[in-house]
Amino acid sequence: MKLAEQVIAGDRLALARMLSLVENDTPQGRSELDELFPHTGRAHLVGITGAPGTGKSSLVNQLAYAFRHPIDGSSPLRVAVIAVDPSSPFSGGALLGDRVRMRDLVGDPGVFIRSMASRGALGGLARNTAAVAQVFDAAGFEIILIETVGAGQGEVDIARLAHTTIVVEAPGLGDDIQAIKAGILEIADILVINKADRPGVEQTERALRAMLELAKPERIVMHHGRLAVLSYQEEENEAARVWKPFIMKTIALRGEGVQELAQAVREHGEHLRRNGEWQRRELERLDAELQGLVQAELVARWRERVPEETYQSILQQVIKRTISPYQAVVKLLEK
Ligand SMILES: Nc1nc2c(ncn2[C@@H]2O[C@H](COP(=O)(O)OP(=O)(O)O)[C@@H](O)[C@H]2O)c(=O)[nH]1
Ligand SMILES: [Mg+2]
C-alpha cells in the first residue's frame, strides 16, 4: 500500500513519516501530498497566536482536551496540534510542568501533536504549515490547532491559513498597544484573555474592548463596491452574517473557560458554514497558498539559473550605486 493510502487509513506511523517528508519538502513528500489532496477540505483549521508567554501552549493543550471530552453532549473530535512556536514545549525543550500538562493527551489515538522548527526561507514556514495541515486533514483529523508566536508576517500568514483565529492576550504584559501595531486584532475571530487569575484583567479587557470598537465599524458596509449605510432590515440581515469578534477569559492552568472556548470555536465554524463564509475563506486560503507556491517556485527556478557570483556582483553594483535596484532586477532576470 502507498504511504498516502496508509495515512488515509489512519496508520499513525505512516502519518509521522508523511509529516516529515512534507515538512522537509522532499520530492516524495510532494508526490504523496498530490495523492492526499483530494481527501482534504473537511478539517476545521484553528490558529492560536499571541505574544510569547501569554499561555498559548497551555491553552492549546487544554483546548485539545476539551475537544476530546466535550461536556455539552456533542461527539468528541479528532484533534491535531501543529506547534510552530520555536519555544513551544511541544518542540522538545519541554519543562516538567509542560509534560504534566500534556499527560492527559498522551496515548489518546484521537490526538496527534507535531512541532515544526521555524527554519527555512521567508514564507517557507507558512507554506510547509499549510502542507502539514493538509496531511492531518486527509488523515481525518477534524480540528487542527496551529500555535504560532504573534510577531510579524508569520502569523498573518497563519491567520490566512486558518478558518478561525484565536488571539491570546494576558494581563500585565503591556502589549496591548503592540497588538494593534501588528494588526493582530484585525485577524482575530475570538480574543482570549488568558491568565484571568492575574491582576489587571479588567484593564486588559477594557483596552481590548476599546480597540475592538475602533477596529470594526458597524452599519457601514461595502454595498456593490460602494460604501453604504444599512437600513434597519439590512442591518438585521447583516448582523446575522457578520461575525463580531468577542472577548473570552480563560485560566489555562486550571482549564477554566476552555470548554466555553472550544464551543465558541465550533460555533464560529458553524457560522462560517451557514453564511457561505467557509467557502469564501477556502477560496482565499487556497488562493494565498497557490500564490505563495508560485512565488517560491519561480524564485527557486531563477536561483538555479543565476550563479551566486553573478548575483553577488550585481548586488555590489547596487551597493556602489552604479545601478539601481530596479536595474539590477532587470539584469538578474535576463540572465
Ligand atoms: N497564572 C497563570 N499562568 C499561566 C496560565 N496559563 C499559562 N500560564 C503559565 O504561563 C507560562 C507560559 O505559558 P505557555 O503556555 O508556555 O505560553 P506561550 O509562550 O504563549 O506558549 C507558563 O509558565 C504557564 O504555566 C494561566 O491561566 N494563569
Ligand atoms: Mg508556546
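User: Which residues does Ile-146 touch, leaving out those up to four places away in sequence?
Analyst: This is a predicted model, and in it Ile-146 touches Leu-45, Val-46, Gly-47, Ile-48, Ile-82, Val-84, Thr-129, Ala-133, Ile-158 and Ala-162, with residues up to four places away in sequence not counted.

User: OK, and which members of the largest nonpolar core touch the most others?
Analyst: Ile-146 again, along with Val-135, Ile-144 and Leu-145; that core has 64 residues. As background, nonpolar side chains tend to be buried together in soluble globular proteins.

User: Switching to the sheet: what's the strand order?
Analyst: It goes E3-E2-E4-E1-E5-E6-E9, an open sheet of seven strands with parallel pairing. Strand E3 (111-115) and strand E9 (246-249) are the edges, each pairing on one side only. Neighbouring strands are turned by 20° against each other on average, ignoring direction.

User: How many bridges join E2 to E3?
Analyst: Five, and the two strands run parallel; E2 covers residues 79-83. Ile-82 has Arg-114 in E3 as its bridge partner.

User: Which strands does H4 lie across?
Analyst: Helix H4 (residues 56-68) lies across E1 (44-50), E2, E3, E4 (143-149), E5 (164-169) and E6 (190-193). Against E4, H4 runs at about 175°.

User: Now the ligand. Which residues are closest to ligand 1?
Analyst: Gly-55, Lys-56, Ser-57, Ser-58 and Ala-252, out of 16 residues surrounding ligand 1. H4 gives the largest share of that shell, with three residues.

User: And what's the shell like by class?
Analyst: Around ligand 1 there are seven polar, five charged and four nonpolar residues.

How values were computed: Residues are numbered from 1 along each chain as its sequence is written. Chains are lettered from A and ligands numbered from 1 in the order in which they are written. This is a predicted model: local features need pLDDT of at least 70, side-chain atom pairs count only at pLDDT 80 or more; totals for chains, interfaces and linings use all residues. A nonpolar core is a set of buried Ala, Val, Leu, Ile, Met, Phe, Trp, Tyr and Cys residues joined through C-beta atoms within 7 Å. A residue is buried if 20 or more other C-beta atoms lie within 10 Å of its own, exposed if 12 or fewer, and partly exposed in between; C-beta atoms are placed from the backbone. Two residues are in contact if their C-beta atoms, placed from the backbone, lie within 7 Å. Two strands pair if DSSP finds at least two bridges between them. Helices (H or I, at least four residues) and strands (E, at least two) are DSSP runs, numbered from the N terminus. Axes are lines fitted to C-alpha atoms, for helices over the stretch in contact, and angles run from 0 to 180 degrees between N-to-C directions. A residue is near a molecule or strand if its C-beta atom, placed from the backbone, lies within 6 Å of it. Ala, Val, Leu, Ile, Met, Phe, Trp, Tyr, Cys and Pro count as nonpolar, Asp, Glu, Lys and Arg as charged, and the others, Gly among them, as polar.
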